[in-house]
Amino acid sequence: MAECCQTETDSRSKHLIRIGIAIGAGCIPCTKLLIDKAIASGCTKEEIELIYSIASDLQKVETFRKGVGDEVIERMKRPLEIAKETLK
């Protein structure tokens with residue numbers, strides 16, 4: 001196993017990764033809940049905004065769009081809106 005995979009991922013990173021996965025999966029309630037949990041666990045608004053920005057930008061990448069298809073791109077839209085609203 002690679003050395004990077006042998007260390008534990010810190011709690012903040014885990015929360016941020018979960019948010020990205022929830023957005024990608026299109027899970028609206030998951031996105032809101034995970035953002036709230038991340039904030040309660042000490043993640044900053046700026047860290048969460050970075051995850052939002054990455055997911056939002058990824059939707060616009062041609063290779064990603066072609067690879068996952070329009071259905072996934074559409075499914076990501078509402079969780080991204082929820083993330084933006086939650087971070088206000």
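1. In which kind of crossing, left-handed or right-handed, does H2 pass H4? The crossing is right-handed, a term used when the near helix is turned clockwise from the far one by less than a right angle, anticlockwise being left-handed. Helices here are DSSP runs (H or I, at least four residues), numbered from the N terminus.

2. Some points on the basis of this note: the model is predicted, so that local features need pLDDT of at least 70 and side-chain atom pairs count only at pLDDT 80 or more, while totals for chains, interfaces and linings use all residues. Residues are numbered from 1 along each chain as its sequence is written, and side-chain values use heavy atoms, with hydrogens and water left out.

3. H2 and helix H4 (residues 45–59) pack at an angle of about 35°, and their axes lie 10 Å apart; axes are lines fitted to C-alpha atoms over the stretch in contact, and angles run from 0 to 180 degrees between N-to-C directions. On the H2 side, Arg12, Leu16, Ile19, Gly20 and Ile23 meet Glu47, Ile48, Ile51 and Ala55 of H4, where contact means heavy atoms within 4.5 Å. This contact is made up of six nonpolar, one polar and two charged residues, with Ala, Val, Leu, Ile, Met, Phe, Trp, Tyr, Cys and Pro counted as nonpolar, Asp, Glu, Lys and Arg as charged, and the others, Gly among them, as polar.

4. Helix H2 (residues 11–25) also packs against helix H6 (residues 70–86), at an angle of about 130° and with the axes 6 Å apart. That angle makes H2 oblique to H6, given that angles under 35 degrees count as roughly parallel, over 145 as roughly antiparallel, 65 to 115 as roughly perpendicular and the rest as oblique. Ile23, Gly24 and Ala25 of H2 meet residues of H6 including Val72, Met76 and Leu80.

5. Helix H3 (residues 28–40) packs on H6 at an angle of about 30°, with axes 8 Å apart, and the two are therefore roughly parallel to each other. Their crossing is right-handed, and the contact involves Ile28, Thr31, Lys32, Ile35 and Asp36 of H3 together with Arg78, Pro79, Ile82, Ala83 and Thr86 of H6. By class, it has five nonpolar, two polar and three charged residues.

6. The structure holds one disulfide, meaning a pair of cysteine sulfur atoms within 2.5 Å, and it joins Cys27 to Cys30 at an S to S distance of 2.1 Å. The link is right-handed, with 60° about the S-S bond.

7. Cys30 is partly exposed, at a relative accessible area of 30%, whereas Cys43 is buried at 6%; buried means under 20%, exposed over 50% and partly exposed in between (1.4 Å probe, protein chains only).
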